[in-house]
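Student: I would like to go through a protein model with you. Could we start with its aromatic residues and then turn to the interior?

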Amino acid sequence: MSKINLACLIEDDPVHIYLSKRYLQSSGYIDNIQIYNNGKEAYDGLKLDWESKKTLPEIILLDLTMPVWDGWKFLDEFTKLPIEKQITIYILTSSINEADRQKASDYNAVKNYLVKPMTMQTLVELIERMED
C-alpha cells in the first residue's frame with residue numbers, strides 16, 4: 001500500500017475533526033491533511049488548488065450535515081469540475097437514513113458511506129481498499 005500525500009476532511013464538528021485528524025495522522029498512511037469546515041469553503045479551496053495546479057487530495061472524507069453548503073451541495077458542484085485526477089470520496093456522516101445512503105450511491109465519485117464515529121480500524125481498511 002502506497003502512502004497518501006494529501007487527505008481532505010470536510011467537517012464542521014470540532015470533536016469529529018479532532019478524532020479524524022488523529023486517526024489520519026497516526027494511521028501511518030497519510031502525509032498531509034487539509035481541513036475545511038463546510039462544503040463551500042472546501043469547494044472554493046479545492047477549485048483554487050486545481051486551477052493553480054496545486055496538489056489535490058487523493059482522498060476526501062465528507063460530512064453531509066454542515067452550515068453554508070452541506071455535503072450534497074459540495075458533491076453537486078465539485079463533481080462538475082473537469083478534474084482528471086482520481087479522488088476517492090467517502091461520506092462520513094451521522095445520518096443513518098437509507099435515503100441518504102441511496103443518494104450517495106448515485107455519485108460515481110463516492111466510494112463508500114460511513115456512519116460516525118469513524119474508528120482507526122475503519123480508516124485503515126478504507127485506505128487499504130483504495131487500491132482495489
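Student: Is W69 buried or exposed?

Tutor: W69 counts as buried, at 15% relative accessibility. Buried means under 20% relative accessible area, exposed over 50%, and partly exposed in between, with a 1.4 Å probe and protein chains only. Please note that this is a predicted model, in which local features need pLDDT of at least 70 and side-chain atom pairs count only at pLDDT 80 or more, while totals for chains, interfaces and linings use all residues. Residues are numbered from 1 along each chain as its sequence is written, and side-chain values use heavy atoms, with hydrogens and water left out.

Student: How many aromatic pairs does a search of the whole structure find?

Tutor: The search finds three. Rings of Phe, Tyr and Trp (its six-membered ring) pair if their centres lie within 6.5 Å; planes under 30 degrees apart count as stacked, over 60 as edge-to-face and the rest as tilted. One of the pairs is Y43 with W69: the ring centres are 5.3 Å apart and the planes are at 40°, so this pair is tilted.

Student: Where do Y43 and W69 lie?

Tutor: Y43 is in helix 2 and W69 is in the loop between strand 3 and helix 3, so the pair ties together parts that are 26 residues apart in sequence. Helices (H or I, at least four residues) and strands (E, at least two) are DSSP runs, numbered from the N terminus. Y43 is buried, with a relative accessible area of 12%.

Student: And why is the pair of W72 and Y107 stacked?

Tutor: Their ring centres are 6.0 Å apart and their planes are at 20°, so that pair is stacked. W72 belongs to helix 3 and Y107 to the loop between helix 4 (98-105) and strand 5, so parts 35 residues apart in sequence are tied together. W72 is buried at 10% relative accessible area, and Y107 is buried at 14%.

Student: What does I60 touch?

Tutor: Not counting residues up to four places away in sequence, I60 touches C8, I10, L46, F74, F78, I87, T88, I89 and Y90. Contact here means heavy atoms within 4.5 Å.

Student: On to the backbone. Which residues does a cis peptide bond join?

Tutor: The cis bond joins K116 and P117, with omega of about -5°. P117 is in the loop between strand 5 and helix 5 (120-129).

Student: What is the phi of K53?

Tutor: K53 has a positive phi of about 60°, although it is not a glycine. This residue lies in the loop between helix 2 and strand 3, and K53 is exposed, with a relative accessible area of 74%.

Student: And what is the phi of V68?

Tutor: V68 has a positive phi of about 65° and is not a glycine. V68 sits in the loop between strand 3 and helix 3 and is exposed, at 65% relative accessible area.
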